[in-house]
Amino acid sequence: MNILQVLRSRFDAVLAPLVDETAPLLDMIRPTNDPKFGDYQANCAMPLGKKLGKNPREIAGEIVEKIDLSDMAEPLEIAGPGFINIKLKDAWIEEQLAAAVTDERIGVPLVENPKKYVLDFSSPNVAKPMHVGHIRSTVIGDSLANTLRFLGHEVITDNHLGDWGTQFGMIIYGFKHFRDNDAYHQKPVAELSRLYREVRKIIDFVDGQKGLPARKAKLMEMAAEIEERKAMPPTGDKAADKKAKKELDKLQRQAEEVSKELTTDEAKLNALAGDAEFAKVASEHADIASAVLNETAKLHAGDEENLALWHEFLPKCREDIQRIYQRLDVTFDYELGESFYHNQLGEVVNNFIEQGFAEESEGALCVFLEGFKAPMIIRKKDGAYLYATTDLATIEYRMREWSPDAILYVVDFRQGDHFDKLFAAAKKWGYTDVELKHVSFGTVMGTDGKPYKTRSGDTVGLEGLLDEAVARADKIVRENDTDGQLTAEQYADVAQRVGIGGLKYGDLSQNRETDYVFSYDKMLALQGNTATYMQYAYARVQSIFRRGEVDIAALRESGARIRVSSPAERALVMKVLRFPEALNDTVVDYRPNQLTMFLFEELAKSYSTFFEQCPVLKAETEEQKQSRLLLCDLNARVIKQGLALLGISTVDKM
Ligand code: ARG
């Protein structure tokens, strides 16, 4: 049972006759931080008093008189200006616990009004190095899908692969000019990835060299302005002079920055130019950027050779990323990549034109949207369609095929503007009763303060990252056995779960919108808010059962009850019973860190106190021992279920 929901619906019955909209008032019923004020507190009498022009304490009194909570709560108390304190009856709590003990779902109810969600996540650009950001999208998306499903919603997961973009023009160009046949036959994806990097390198070199004169000119301009400003005599007006000085300082700092970047870039370019072999290749392919665009355009236009190459490359690339998904234990219902929508783009664009939603501007076809400075371009001057066009076609397809209530896009925050425009355009197009939501996330940073990069910067690099996490986990697990020896095979299994789990939890426990620094040490720490800590907490409970030779499954069915006999027990019990609320909080704004926060800050901490204060195997009576064993078990089951929803597994022995 979701206690908070039950309380809110009881309050709703009383508040509905008083106001038009009860939701904001019901929102003010919350769990308390201090048991002194009961288990929950309703603070709705204050705003209600203000609205109705009455004394809030009086209102609170009226609510208390009308509301029927006698089955579950002690007589309600009114405190201060009109807080209503709700303390649940111990007997009622014990009933809920008894139900949870024998319930596979540990008391988590299914939602009354299930919705249909489409989750668009992971979505890497294949044939292009996949990076940590895609892991982030993958683990956030997967955990949200699990949680929504567990709550009873219908979820369709769709990996919107970037399988049709310029990167294919790049590898096609590379394949035609630079391929190493042997390497391609032995390790095709590694060779394609090398080709991608080779082409990228030449493009960057050629562009870099082309851009140098303009950058130098800009720097000269800045230098001239600095000189000019320096030469200006003081005005005598203190404030104005101070301001001028500040501006000059700022300009100087900027110039230094620009100069430093220019120097390093120039040095890099010179080093490359000094490599005679590379310089020769680069000069032979001086028009590489436009040639790559041309290869891409040919592919899109159905050129036989390029299309055949694409058909050859794509399955290989897919297989390659599949390995990462396997290791992360993530699957998708669909993997409809960008290429899937290719044939529908012309129609989408025509539809926009017909409805008068798009107009030509400087040759490009634009959708002008209210509240946006720049329009959304859906067809370029040269006739090419864009990322946005594909996303419109994707919305149309998903709505037609699946009619979801919501489509969630778990994508990097840098695409925020794209999604804002996309959603506005979709609305204009008539998709008004679907929740379109960009579940945006920040950057994974390295300790150097720059976006985290794996050494080789491709899927191999990502696998290396997983390997490293597992290797470190292996060491930790071997040094921290809970009880007894594991076999070599068991160690390897545990290390996988701890390593991959640590990586996932390290990400999911962050506020998704902020950047965070990637650190193996932090994410695998034995203490603190980590998967490792939670996994050990789970295994320790199992270890208690082993030591006490307890058949916990039998005890659950035995009719033995959990008794709330001390404050530490009561505190823990209340956390266990609030698991459904935590899951709800997790999906309200699609934030897995709500769940990790609950598991660690609430559940684990209360369990610690309970464990310090309440002997389990050495309890005073058999009844007390059984009660505490069952409570340990509930705690462990919530951990296990919670971690499972985050995509993290547990083991009984570690
Ligand atoms: N392929 C894109 C990238 O790697 C992400 C796609 C996200 N999904 C979407 N429907 N636009 O940046």
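1. The model is predicted: local features need pLDDT of at least 70, side-chain atom pairs count only at pLDDT 80 or more, and totals for chains, interfaces and linings use all residues. Residues are numbered from 1 along each chain as its sequence is written.

2. The protein contains 25 helices and 13 strands; these are DSSP runs (helices H or I, at least four residues; strands E, at least two), numbered from the N terminus. The C-alpha trace spans about 85 × 70 × 60 Å along its principal axes.

3. Of the 654 residues, 36% count as buried. Buried means 20 or more other C-beta atoms within 10 Å of the residue's own, exposed means 12 or fewer, and partly exposed lies in between, with C-beta atoms placed from the backbone. Among contacts between residues at least 6 apart in sequence, 72% join residues at least 24 apart. A contact requires C-beta atoms, placed from the backbone, within 7 Å.

4. Two domains are given, domain 1 (3-88) and domain 2 (168-300), with bounds from an automatic or database domain assignment. Their centres, taken over C-alpha atoms, are separated by 62 Å.

5. The ligand is surrounded by Asp120, Ser123, Pro124, Asn125, His160, Gly162, Asp391, Thr394, Tyr409 and Val411. Helix H15 (387-402) and strand S10 (406-412) are the elements that give two or more residues to this shell. By class the shell has 3 nonpolar, 5 polar and 2 charged residues. Nonpolar covers Ala, Val, Leu, Ile, Met, Phe, Trp, Tyr, Cys and Pro; charged covers Asp, Glu, Lys and Arg; the others, Gly among them, are polar.

6. Helix H18 (residues 488-508) and helix H20 (residues 531-547) have axes that come within 8 Å and cross at roughly 125 degrees. Axes are lines fitted to C-alpha atoms, for helices over the stretch in contact, and angles run from 0 to 180 degrees between N-to-C directions. H18 and H20 are therefore oblique to each other; under 35 degrees would be roughly parallel, over 145 roughly antiparallel, 65 to 115 roughly perpendicular, and the rest is oblique. Val498, Gly501, Gly502, Lys504 and Tyr505 of H18 meet Ala531, Thr532 and Gln535 of H20. The residues of this contact divide into 3 nonpolar, 4 polar and 1 charged.

7. Ser193 sits in helix H9 (residues 188-231). Ser193 is buried because 25 other C-beta atoms lie within 10 Å. The C-alpha atoms of Ser193 and Ala127 are separated by 6.5 Å, although the two are 66 residues apart along the chain.

Conventions
Near = placed C-beta within 6 Å. Contact = placed C-beta atoms within 7 Å.
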